[in-house]
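Here is a short report on one protein chain. Look the structure over first, then read on.

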Amino acid sequence: MIKAPWIFMTECDYVWMQPVMSPGSAADKNVPGEQFYFDYIIPKHPDVSVWLKKLLNGAGDVDNVPPSGPAPTMLRLKV
């Protein structure tokens, strides 16, 4: 089990010129996570939303899934 307030997901072909800072306190729900916006990723697309609903398993709404890719992303763990 990962025990950290934020998870930073990235791919191995990125080069970071500076340390990546957390967006703020993970306990503060007003502090949003961060992700790179991919305009070609459409979670609400009919071909994708069916699978997202299965993956969410009632724990969330497809309408709340941002159009972001796998990296770079800063995720907050739900506690």
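Asn57 sits in the loop between helix 1 and strand 3. Helices (H or I, at least four residues) and strands (E, at least two) are DSSP runs, numbered from the N terminus. Asn57 is exposed, with a relative accessible area of 66%. Buried means under 20% relative accessible area, exposed means over 50%, and partly exposed lies in between (1.4 Å probe, protein chains only). The phi of Asn57 is near 50 degrees, a positive value in a residue other than glycine. Most residues other than glycine have a negative phi.

This is a predicted model, in which local features need pLDDT of at least 70, side-chain atom pairs count only at pLDDT 80 or more, and totals for chains, interfaces and linings use all residues. Residues are numbered from 1 along each chain as its sequence is written, and side-chain values use heavy atoms, with hydrogens and water left out.

**The whole chain**

The protein chain has one helix and three strands. From the N terminus on, the order is β-β-α-β. Its C-alpha trace spans about 40 × 30 × 25 Å along the principal axes. Of the 79 residues, 19% are buried. The chain exposes about 6500 Å², and carbon and sulfur atoms supply 61% of that area. Accessible areas come from the Shrake-Rupley method with a 1.4 Å probe; for residues, only the protein chains shown count as cover.

Contact means heavy atoms within 4.5 Å. Among contacts between residues at least 6 apart in sequence, 69% join residues at least 24 apart.

Val65 is partly exposed, at 24% relative accessible area. Leaving aside neighbours within four places in sequence, Val65 is in contact with Pro43, Leu52 and Leu56.

Pro43 turns up again with Ser49. Ser49 belongs to helix 1 (residues 46-56). Ser49 is buried, with a relative accessible area of 11%. Its contacts, apart from neighbours within four places in sequence, are Pro43, Lys44 and Val62.

Thr73 is part of strand 3 (residues 68-76). Thr73 counts as buried, at 6% relative accessibility. What does Thr73 touch, not counting residues up to four places away in sequence? The list is Ile7, Phe8, Met9, Glu34 and Gln35.

Ser22 lies in the loop between strand 1 and strand 2. Ser22 is partly exposed, with a relative accessible area of 43%. Not counting residues up to four places away in sequence, Ser22 touches Trp6 and Met74.

Two pairs bring together residues from separate parts of the sequence:

| Pair | Apart in sequence | C-alpha to C-alpha |
|---|---|---|
| Val65 and Pro43 | 22 residues | 6.4 Å |
| Ser22 and Met74 | 52 residues | 7.6 Å |

**A patch on the surface**

Val20 is found in the loop between strand 1 (6-9) and strand 2 (34-37). Val20 is partly exposed, with a relative accessible area of 38%. Together with Phe8, Tyr14 and Trp16, Val20 makes a nonpolar surface patch of about 340 Å². Patches are made of residues with over 30% relative accessible area and no salt bridge; like charges are joined within 9 Å, nonpolar side chains (Val, Leu, Ile, Met, Phe, Trp, Tyr) within 5 Å. A salt bridge is a side-chain nitrogen of Lys or Arg within 4 Å of a carboxyl oxygen of Asp or Glu.
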